[in-house]
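Please go through the sequence and the structure below. A briefing grouped by topic follows.

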Amino acid sequence: MIAILKPGTTPEQTQHLVSWLKTMNLDVHISKGAEVTVLGLVGDTSRVDMDLLKSLEMVETVKRVSEPFKQANRKFHPQDTIVEVGSARIGGGYFAMIAGPCSVESEDQIIEVAQAVKASGATMLRGGAFKPRTSPYAFQGMKDEGIRLLLKAKEATGLPIVTELMNISTLDLFADVDVIQVGARNMQNFDLLKELGKTRKPILLKRGLANTIQELLMSAEYIMSEGNENVILCERGIRTFETATRNTLDLSAVAVLHNLSHLPVVVDPSHATGKADLVAPMACAAAAAGADGIMVEVHNNPACALCDGAQSLTPPQFDELNRKVQRIREVLV
Ligand code: PEP
Ligand code: MN
């Protein structure tokens, strides 16, 4: 349920109302915009007397929120959420260009790629240390050593780092990681989401291979309901009957998510297409669709990559992609 307050309601009046609502065992989320304040009520709202609430002097309207996601809902929080990642920001007009290899492979590799993508305008460095692979015989990532090397690359370049956590038992290793990624395969690992909700780390939540937009938002809700509002959504392609691409990039998800939610939306054209030559066109399309960021795989030697070489760009290709994306963004504003 949401209650929209009349313009001119004083902070004291708002606090008074919030205290009263809290006596009904409700969580109250206050979203203060330039014009109006929206109170989002979470919990068992069946006990709230809507007519009584509506009749209060300071209340403009009261509405039930029919969607099952509440805190991720734009009705609760009409303004775009801006997630702060160190000195970088994402959402509400701030755009993130996240680039780096699929996996961290060596110190030289990650530092070389980090320096190259930074020089081309990346705002964050990605790199997998714990890799969810379809085959148990495939390279599983450098694990804790991979995180250590990412931190070295962060020190060398100043770029905040984004890396995937697969198991909550390794959370301590992520203390200095800037953004924790939840991969497509873990989007509905609810215990993991709840634990990440207890942290205050920005979480990049990737859409599952066969999950709906509503299911993605419900997974965001798992994180937010535990108190962590720093969620970044990521469209990375879904499984369809099409085999020309690794997955099918659902670009309409960007616009749909922006309608339904205030959370920033990133597009990953690398995992969506699986082919390096399709990455730049889809990155441009994502920027044109209003994405708040792009995440692309870049490798200094894609032919020798231990994972996802076919979809990885070389640093010069990334440089060109970033120029194009920035030009598209200029047209949009
Ligand atoms: C990744 O970004 O490294 C990754 C494994 O992607 P996804 O979870 O989308 O497959
Ligand atoms: Mn990959």
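**Aromatic pairs**

With a relative accessibility of 30%, Y222 counts as partly exposed, where buried means under 20% relative accessible area, exposed over 50% and partly exposed in between, computed with a 1.4 Å probe on protein chains only. This is a predicted model, in which local features need pLDDT of at least 70 and side-chain atom pairs count only at pLDDT 80 or more, while totals for chains, interfaces and linings use all residues. Residues are numbered from 1 along each chain as its sequence is written, chains are lettered from A and ligands numbered from 1 in the order in which they are written, and side-chain values use heavy atoms, with hydrogens and water left out.

- Rings of Phe, Tyr and Trp (its six-membered ring) pair if their centres lie within 6.5 Å, and planes under 30 degrees apart count as stacked, over 60 as edge-to-face and the rest as tilted; by this rule there are two aromatic pairs.
- F130 and F174 form a stacked pair, with 6.1 Å from centre to centre and 25° between the planes.
- Because F130 lies in the loop between strand 8 (124-126) and helix 4 (144-157) and F174 in the loop between strand 9 (161-164) and strand 10 (179-182), this pair ties together parts that are 44 residues apart in sequence; helices (H or I, at least four residues) and strands (E, at least two) are DSSP runs, numbered from the N terminus.
- F130 is buried at 11% relative accessibility, and F174 is buried with a relative accessible area of 1%.
- F190 and Y222 form a stacked pair, with 4.5 Å from centre to centre and 25° between the planes.
- This pair links distant parts of the chain, with F190 in helix 5 (residues 190-197) and Y222 in helix 6 (residues 213-224), 32 residues apart.
- F190 is partly exposed, with a relative accessible area of 30%.

- C102 lies in the loop between strand 7 (96-100) and helix 3 (107-119) and H271 in helix 8 (residues 269-273), so the pair ties together parts that are 169 residues apart in sequence.
- Both C102 and H271 are buried.
- D308, in the loop between strand 14 (293-297) and helix 10 (315-332), has a phi near 60°, a positive value in a residue other than glycine, and is buried at 18% relative accessibility.

**Ligand 1**

- The residues surrounding ligand 1, counted if one of their heavy atoms lies within 4 Å, include R126, K131, E164, Q181, H271 and M295.
- Polar contacts are pairs of N or O atoms within 3.5 Å; within protein, one must be able to donate a hydrogen and the other to accept it, and residues adjacent in sequence count only if both atoms are side-chain atoms.
- An oxygen atom of ligand 1 lies 2.6 Å from a side-chain N or O atom of R236, and for K206 the distance from a polar side-chain atom to an oxygen atom of ligand 1 is 2.8 Å.

**Cysteines**

- The structure holds zero disulfides, a disulfide being a pair of cysteine sulfur atoms within 2.5 Å.
- For C234, the nearest cysteine sulfur, that of C102, is 13 Å away.
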